[in-house]
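Thanks for sending this one over.

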Amino acid sequence: MAELGPVAWPPAPIRTARLVLREPHAGDRAAFIDLFASPEVCTYLGGPRPRDALERSVPGTPGRRPGQFVVARDGTMIGMITIDRRDAERPGHLRPEGGEAELGYLFLPAAWGHGYAAESCAAALDWFAGALPGEPLVLCTQTANDRALRLAARLGFTEVTRFEEFGAEQWFGAWTAMR
């Protein structure tokens, strides 16, 4: 995967006690649309996108790209995790040139409150630590997103800085595997 470095993509599915992290399949299309059309999911992401626009634009096999995992429970998509390079033009970096690997995640509201985000993000962090040992991973979220801040702390991210972006205060943290 060129975006993250010399990592074979897709990796074998990652299994946790209750979940599987895997590449997207055509059967995930409706869940992708539900994620991005959800006012609850997109509260801190600039708001939902119109469902009809998503129906027209989401491909048959959505999100199939390096760094994107579907999180499935009992074979059904409940969320997604992304690991992408942070755009150097955005604020918040560990190094002057930017380009740090950044963790992102979204879960359908029905999956909230069950620990699925923590379980699947921990598995993604473990995969990342093995794939790119010693490389830090960053996470950015609005300070108003209490749930995301609690999860960041639980996963071991530490605050680096705060800044204003998209009309809101952002929390920017970093994680480095201790292998």
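This is a predicted model: local features need pLDDT of at least 70, side-chain atom pairs count only at pLDDT 80 or more; totals for chains, interfaces and linings use all residues.

**Notes on the fold and its aromatic pairs**

1. H1 lies across S3, S4 and S5, and its direction makes an angle of about 70° with S4.

2. Which residues of H1 are buried? In this helix, residues 29-37, they are Ala31, Phe32, Ile33, Leu35 and Ala37. The buried residues of H1 pack against helix H2 (51-57), and also against S3, strand S4 (76-85) and strand S5 (101-107).

3. Now the sheet. Eight strands form an open sheet with mixed pairing, in the order S1-S2-S3-S4-S5-S6-S8-S7. Its edge strands are S1 and strand S7 (158-165), each of which pairs on one side only.

4. Strands of a sheet pair through backbone hydrogen bonds, and they may do so parallel or antiparallel. Here S4 and S5 run antiparallel, joined by seven bridges. If you want a spot to look at, Thr82 stands opposite Gly104 in S5.

5. Stepping back, the protein has four helices and eight strands. Along the sequence they follow the pattern β-β-α-α-β-β-β-α-β-α-β-β.

6. How many aromatic pairs does the whole structure hold? A search finds five. One of them is Trp9 with Phe69: the ring centres are 5.1 Å apart and the planes stand at 65°, over the 60-degree cut-off, so this pair is edge-to-face. The pair links distant parts of the chain, as Trp9 sits in the segment before strand S1 (14-15) and Phe69 in strand S3 (residues 68-73), 60 residues apart. Trp9 and Phe69 also form one aromatic cluster with Trp127.

7. Is Phe69 buried or exposed? Its relative accessibility is 1%, so Phe69 counts as buried.

8. Another pair is Tyr105 with Phe107, whose ring centres are 6.5 Å apart; with the planes at 50°, this pair is tilted. Tyr105 counts as partly exposed because its relative accessibility is 22%, whereas Phe107 is buried at 7%.

9. Finally, the overall dimensions. The radius of gyration is 16 Å, which agrees with the value near 16 Å for a compact globule of 179 residues. The C-alpha trace spans about 40 × 35 × 30 Å along its principal axes. Of the 179 residues, 46% count as buried.

10. Among contacts with a separation of 6 or more, 63% come from residues 24 or more positions apart. The protein exposes about 8,900 Å², with 53% of that supplied by carbon and sulfur atoms.

Definitions and conventions. Residues are numbered from 1 along each chain as its sequence is written. Side-chain values use heavy atoms; hydrogens and water are left out. Rings of Phe, Tyr and Trp (its six-membered ring) pair if their centres lie within 6.5 Å; planes under 30 degrees apart count as stacked, over 60 as edge-to-face and the rest as tilted. Helices (H or I, at least four residues) and strands (E, at least two) are DSSP runs, numbered from the N terminus. Buried means under 20% relative accessible area, exposed over 50%, partly exposed in between (1.4 Å probe, protein chains only). Contact means heavy atoms within 4.5 Å. Two strands pair if DSSP finds at least two bridges between them. Axes are lines fitted to C-alpha atoms, for helices over the stretch in contact, and angles run from 0 to 180 degrees between N-to-C directions. The radius of gyration is taken over C-alpha atoms; the globule rule is 2.2 Å times the number of residues to the power 0.38. Accessible areas come from the Shrake-Rupley method with a 1.4 Å probe; for residues, only the protein chains shown count as cover.
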